[in-house]
Amino acid sequence: MNRFDFIRPANIAEAVTAAAVPGSVYLAAGTNLLDLMKIGVTRPERVIDISRLPGLDRIEWLSDGSVRIGALMRNADLAYDTRFAATYPAIAEALLSGASAQLRNAATVGGNLLQRTRCAYFQDTASACNRREPGSGCDALHGENRLHAVLGWSEQCIATHPSDFCVPLAALGAVIEIEGVGGRRDIPIESLHSLPDASRALESTLAPGDFITGLRLPPEAASFAGNARYVKLRERTSYAFAVVSAAAMLDMDGDTIRASRLAIGAVAAKPWRAHEAEAVLVGQKAGREIFEKAATAALADARPSGDNAFKITLAHRILVRALMLAYEGTPKVMPALPASPFPEQHLSAPKADLHVA
Amino acid sequence: MPFSISLTVNGQPNSIALDDPRVTLLDLLRERLHLTGTKKGCDRGQCGACTVILDGRRINACLTLAATLDGSTVTTIEGLAEGTELHPVQAAFIACDGLQCGYCTPGQIMSAVGLLSEGHAGNDPERVRELMSGNICRCGAYQGITQAVLEAGQILSQNNTAQSRENGRNAA
């Protein structure tokens with residue numbers, strides 16, 4: 001890890017001023033940043049410690065039916081908040097399907113929004129990476145790329161955004177609250193993360209000093225509570241990033257879909273809201289047939305970026321599975337394995353001496 | 001830029017001068033406070049060997065900068081037993097053979113202590129496995145670890161029940 005100046009601002013305004021200086025980074029829990037600093041991917045000259053700033057670690061239920069979540073709220077605290085989990089069950093399920101219990105106890109809401117890609121070439125300083133070093137190229141293009149993007153990628157970058165949390169947030173149209181050098185502003189989550197274009201691979205639309213203070217979920221986001229699921233396929237049962245994931249939410253009127261929200265995770269450089277698929281579902285009778293059509297619409301523009309055509313098929317199936325599960329209804333209790341696409345197995349406790357003959 | 005933090009470790013208040021902000025909680029515990037029970041496995045938050053209880057929550061000490069912890073309270077594996085009496089989770093790990101080489105064990109035990117205080121697993125082995133997935137055991141002692149967490153959970157809830165009965169009697 002390189003040497004850096006450690007700065008503890010007393011309030012948000014001081015933090016913004018400090019972080020606007022080039023070479024600065026914000027430190028909240030550090031679960032992603034410290035890891036990247038240890039492997040030399042991030043080499044900040046100034047670390048601005050915002051972890052103790054007051055007032056940013058709470059949920060506020062607003063009178064218009066929306067909710068505000070402070071940026072320093074810990075992932076576990078949000079997921080286990082009873083009212084929050086009942087109102088936005090797919091968000092709670094996504095949070096609990098991510099990382100480990102230790103990391104969820106530390107990681108913050110704001111940090112989760114801005115976590116960096118897990119592309120191995122981004123993390124390996126000996127490899128070319130346009131994100132880490134603009135203009136150096138992309139070694140993932142002709143490398144190990146079976147887990148890379150199938151939507152919204154360019155020759156500049158085929159990395160994916162790793163967050164689970166951001167997927168239902170994108171589906172529900174979360175609004176990100178930012179305090180910057182020029183004052184306060186709100187942006188929709190769909191405008192927070194950038195897709196690579198033909199010449200660059202910018203990660204977000206934030207400017208130096210921009211401080212995410214929190215996010216809001218609009219009033220209508222609460223109308224999907226009864227039929228909301230997050231489904232995540234992993235290469236091991238737990239504590240792994242998604243190969244593909246999906247958030248599916250339905251607002252039902254009997255068997256008819258009044259409104260729907262759909263987003264796909266781990267397929268692009270941002271959480272991928274599937275607007276076309278949502279439009280396919282509106283006013284239709286719920287069932288596998290229309291869900292298949294919606295999944296087809298969601299992936300109409302998908303194309304492999306390497307050895308990953310299977311992810312398009314997988315994304316289709318995970319979308320259909322998520323929609324079927326959402327249609328069945330939000331589970332009364334959080335599944336033992338949140339977001340697992342596999343049926344629950346409540347095996348009796350194995351005896352400790354099972355391996356003794 | 002030297003500065004100092006106050007940190008309570010296993011009930012002991014410490015005033016620690018830091019000459020370098022790069023020191024993680026893990027390195028502080030091991031190298032400066034000589035509490036080597038907390039292990040360094042991956043040093044990247046992937047293995048859980050460095051799990052400690054920070055302000056009542058289990059976290060990875062390797063991904064926490066000590067400089068951010070002024071005024072905090074830490075419990076490590078060294079702070080669990082009361083004299084020669086093992087903590088119920090420690091006793092259960094021995095009783096259930098929840099280890100082989102033992103390197104991951106302090107992290108497993110601290111993680112289990114955190115899991116039981118969080119209270120989301122009940123007596124469901126599937127939930128225990130899921131909520132212990134941040135602790136890797138290369139010997140593969142998972143069977144015994146799961147059993148130990150379940151048994152310790154039962155003993156702790158019995159103790160709590162006995163304690164509240166006792167409190168009730170005292171109040172009456």
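Modeller: Let's start with one term: two strands pair if DSSP finds at least two bridges between them. Please keep in mind that the model above is predicted.

Biologist: Thanks! Which residue in strand 2 of chain B is the bridge partner of B:Ser4?

Modeller: Strand 1 of chain B covers residues 3-9 and strand 2 covers residues 12-18. These two strands run antiparallel to one another and share 7 bridges. In one of those pairings, B:Ser4 has as its partner in strand 2 of chain B the residue B:Ala17.

Biologist: Which residue in the turn between strand 1 and strand 2 of chain B has a positive phi?

Modeller: The two strands make a hairpin, with 2 residues between them. In that turn, a positive phi of about 50° belongs to B:Asn10.

Biologist: Strand 1 of chain B also pairs with strand 5 of chain B; is that parallel or antiparallel?

Modeller: There are 3 bridges between strand 1 and strand 5 of chain B. As one place to look, B:Val9 stands opposite B:Val74 in strand 5. The sense of this pairing is parallel.

Biologist: Let me step back to the whole chain. What pattern of helices and strands does chain B follow along the sequence?

Modeller: Chain B holds 5 helices and 5 strands. Going along the sequence, their order is β-β-α-β-β-β-α-α-α-α.

Biologist: What is the radius of gyration of chain B, and what does the globule rule give?

Modeller: The C-alpha atoms of chain B occupy a box of roughly 55 × 45 × 30 Å along the principal axes. Chain B is as compact as a globular protein of its length, because its radius of gyration is close to the value from the globule rule for 172 residues.

Biologist: How is chain B divided into domains, and how far apart are the C-alpha centres of the two?

Modeller: Domain 1 of chain B takes in residues 3-79, and domain 2 takes in 88-166. The distance between their C-alpha centres is 22 Å.

Biologist: Which element gives the most to the side of domain 1 of chain B that touches domain 2?

Modeller: Between the domains, 14 residues of domain 1 are in contact with 12 residues of domain 2. On the domain 1 side, strand 3 (51-54) and strand 4 (57-60) of chain B are the elements giving two or more residues. The leading contributor, with 3 residues, is strand 3 of chain B.

Biologist: And where chain B touches chain A, which element of chain B gives the most?

Modeller: That contact takes 34 residues from chain B and 31 from chain A. On the chain B side, strand 4, helix 3 (105-118), helix 4 (125-131) and helix 5 (142-171) each supply at least two residues. By class, this side has 11 nonpolar, 13 polar and 10 charged residues. The biggest giver, with 5 residues, is helix 4 of chain B.

Biologist: How many of the 14 residues of helix 3 of chain B are buried?

Modeller: At 1.5 Å a residue, this helix should span 20 Å, which agrees with the 20 Å between its end C-alpha atoms. Its buried residues include B:Ile109, B:Met110, B:Val113 and B:Leu116. Helix 3 of chain B is mostly covered, and the number of buried residues is 12.

Biologist: Is B:Ala66 buried or exposed?

Modeller: B:Ala66 sits in the loop between strand 4 and strand 5 (72-75) of chain B. Leaving out residues up to four places away in sequence, B:Ala66 touches B:Ile5, B:Leu18, B:Val23, B:Thr24, B:Leu25 and B:Leu28. A residue needs 20 or more other C-beta atoms within 10 Å to count as buried. B:Ala66 has 24 such neighbours, so this residue is buried.

Technical notes. Residues are numbered from 1 along each chain as its sequence is written. Chains are lettered from A and ligands numbered from 1 in the order in which they are written. This is a predicted model: local features need pLDDT of at least 70, side-chain atom pairs count only at pLDDT 80 or more; totals for chains, interfaces and linings use all residues. Domain bounds come from an automatic or database domain assignment. Two residues are in contact if their C-beta atoms, placed from the backbone, lie within 7 Å. Helices (H or I, at least four residues) and strands (E, at least two) are DSSP runs, numbered from the N terminus. Ala, Val, Leu, Ile, Met, Phe, Trp, Tyr, Cys and Pro count as nonpolar, Asp, Glu, Lys and Arg as charged, and the others, Gly among them, as polar. The expected span of a helix is 1.5 Å times one less than its number of residues. The radius of gyration is taken over C-alpha atoms; the globule rule is 2.2 Å times the number of residues to the power 0.38.
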